[in-house]
Amino acid sequence: MSAPDSLAGSHDPAPSASAQSAEEKARNRIVITLLLVATFVVFLNETIMSVALPSLMADLNISASAAQWLTSAFLLTMAVVIPTTGFIMQRLTTRAVFIVAMTSFCLGTLICAASPTFGFLLVGRIVQAVGTAIMMPLMMTTVMTVVPPESRGRTMGNISIVISVAPALGPTISGVILEVLSWRWMFWLVLPVGLAALTLGYKLMRNIGETRKAPLDLLSVVLSAIGFGGLVYGLSSIGEGAAHGGGSALPLWLSPAIGAIALVLFVLRQLRLQRENRALLDLRTLRHPAYAVALIVLAFSMLGLFGAVILLPILMQNVQGLTTLQSGLMLLPGGLVMAAMAPIVGRIYDRRGARVLVLPGSMLTTVALFTMSASGSSIALLLVAHLALSVGLALLFTPLFSSGLGALPKQLYSHGSALVSALQQVAGAAGIAVLISVMTLRSAALATGGADVADAILGGIQTAFTLAGALSILAIVGAFFVQGKSPGENH
């Protein structure tokens with residue numbers, strides 16, 4: 001088989017909209033709906049632990065640093081598994097990948113719910129993360145394969161709900177649960193939904209495209225695990241170390257440095273292997289300018305999202321004196337606004353293209369972040385700024401995913417989806433590390449200068465939001481280079 005033929009054998013596209021029968025379209029809708037529901041559930045779980053750590057520490061008698069591993073291990077597993085999903089989706093059928101992902105997620109959820117010790121809970125979170133890591137690239141690849149370009153915006157709008165709204169709702173839902181039930185119910189209540197999605201997928205999921213015997217390069221897997229995993233863990237450790245005043249036996253820069261070196265070696269190996277179509281993660285996706293630009297703007301957009309998710313609860317609870325439930329409910333309107341806007345943004349994208357949405361979205365996001373830096377102790381101003389940030393991010397996610405992946409040849413969809421998902425994890429970890437470190441350093445300086453605890457924390461958070469706003473300006477610059485029109489069916 002020649003190189004081009006080999007590459008083209010990966011997930012051949014479904015018939016175009018005009019060639020699809022009504023029955024075919026109905027089956028595709030069922031597949032996409034199942035993927036959306038399942039991915040929403042697994043992504044909701046990603047942040048549901050954020051406000052439950054104090055309860056876990058008391059119930060399991062563990063330290064704060066140990067409890068933090070429930071989040072760090074989850075992100076680390078995601079970072080290790082995601083780069084392999086391009087290979088997985090070429091070797092296994094759509095139905096098989098879905099069943100593997102949801103089985104892993106449900107098994108991990110059951111282990112977490114019934115875990116008698118912290119060790120079992122940690123294992124459960126790792127097993128959950130394997131399923132979560134697979135679902136997002138699977139959904140995006142399937143959508144890009146079966147949905148014609150002229151209507152992708154509407155479907156990608158629904159995907160943006162999963163990406164942005166589900167993580168935002170996690171703390172709110174867990175706050176409500178913890179008000180009346182124990183932390184185990186966060187898993188017991190999710191498990192039936194996951195099992196229902198798995199059962200429906202087993203019965204209704206159909207295969208999209210064709211599989212091929214893609215080779216697995218073990219050295220690439222090892223380099224990917226060390227590279228992406230080292231970066232995510234290292235950057236997360238920097239943020240955690242800054243928040244707790246350091247104290248690590250090893251230098252905080254060591255893990256991200258090792259990760260960066262491994263990632264360089266991984267990239268060099270992929271560049272060599274992709275000549276023979278044997279790359280674990282095909283980087284020819286980056287040769288397409290529209291995809292590369294969308295990827296860059298998305299990275300800075302994720303910084304704004306994670307900045308809000310991490311910094312706002314600290315501001316609300318430690319400065320404004322709100323309870324966990326109250327701070328979670330404060331973030332709820334923003335999540336609902338994003339959910340309401342997603343279908344509208346999708347329809348606009350289908351008609352007008354990406355640039356008309358991305359430009360105002362990046363500008364509004366930047367203004368919102370600077371407003372948060374100046375909000376002080378005003379809850380009303382903070383709520384308005386968060387709503388503005390939510391609107392800005394809603395204008396960004398759908399067109400960035402659609403125009404970026406739509407610029408790729410169909411045979412690169414799985415690799416493009418995997419790279420987008422990997423970038424989300426690295427950008428999120430980097431954003432958290434940088435913003436928490438800046439907040440901590442500034443707060444310490446203010447406390448040394450005589451400020452009380454609340455004022456010191458407020459000053460640190462304001463400085464962190466100012467930095468987030470400054471970095472977001474780069475997203476505005478990138479927005480001018482985003483592909484303006486919806487991609488045609490020319491791949």
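Reply: The turns below take up cysteines, charged pairs and aromatic rings. Please keep in mind that this is a predicted model.

Me: How many disulfides does the count give?

Reply: In general, a disulfide is a covalent bond between the sulfur atoms of two cysteines. Here the count comes to zero disulfides. As for individual cysteines, Cys106 has a relative accessibility of 6% and is therefore buried, and Cys112, at 0%, is buried too.

Me: How many salt bridges does a search of the whole structure find?

Reply: Side chains of opposite charge can pair when their charged atoms come close. The search of the whole structure finds three salt bridges. One of them joins Asp217 to Arg269, with 2.6 Å from N to O. This pair links distant parts of the chain, 52 residues apart: Asp217 lies in the loop between helix H10 (190-204) and helix H11 (218-243), while Arg269 belongs to helix H12 (residues 254-273).

Me: Are Asp217 and Arg269 buried or exposed?

Reply: Buried means under 20% relative accessible area. Asp217 has 10% relative accessibility, so this residue counts as buried. Arg269 has 18%, so this residue counts as buried as well.

Me: Which residue meets Arg278 in a salt bridge?

Reply: The partner of Arg278 is Glu276, at 2.7 Å from N to O. Arg278 is partly exposed, with a relative accessible area of 29%, and Glu276 is also partly exposed, at 45% relative accessibility. A further salt bridge is formed by Asp282 and Arg284, whose closest N and O atoms are 2.7 Å apart. Both Asp282 and Arg284 are buried.

Me: How many aromatic pairs does a search of the whole structure find?

Reply: A pair of aromatic rings is described by the distance of the centres and the angle of the planes. The search finds three aromatic pairs. Among them, Phe228 and Phe266 are edge-to-face, at 5.9 Å centre to centre with 80° between the planes. Phe228 in helix H11 and Phe266 in helix H12 are 38 residues apart, and the pair links distant parts of the chain. Phe228 and Phe266 are both buried. The rings of Phe397 and Phe401 have centres 6.3 Å apart and planes at 20°, so this pair is stacked.

Me: Why are Phe397 and Phe401 separated by about one helical turn?

Reply: Phe397 and Phe401 are separated by about one helical turn because they are four residues apart in helix H16 (residues 379-406). Phe397 and Phe401 are both buried.

Me: Where does the charged end of Arg95 sit?

Reply: The charged end of Arg95 sits over the ring of Tyr202, 4.7 Å from the ring centre.

Terms used:
Residues numbered from 1 in each chain as written. Predicted model: local features only at pLDDT ≥ 70, side-chain atom pairs only at ≥ 80, totals over all residues. Heavy atoms only, no water. Disulfide = S-S within 2.5 Å. Buried < 20%, exposed > 50% of the residue type's maximum accessible area, 1.4 Å probe, protein only. Salt bridge = Lys/Arg side-chain N within 4 Å of Asp/Glu carboxyl O. Helix = DSSP H or I, 4+ residues; strand = E, 2+ residues; numbered from the N terminus. Phe/Tyr/Trp six-rings, centres within 6.5 Å; stacked < 30°, edge-to-face > 60°. Lys NZ or Arg CZ within 6 Å of the ring centre and 35° of its normal.
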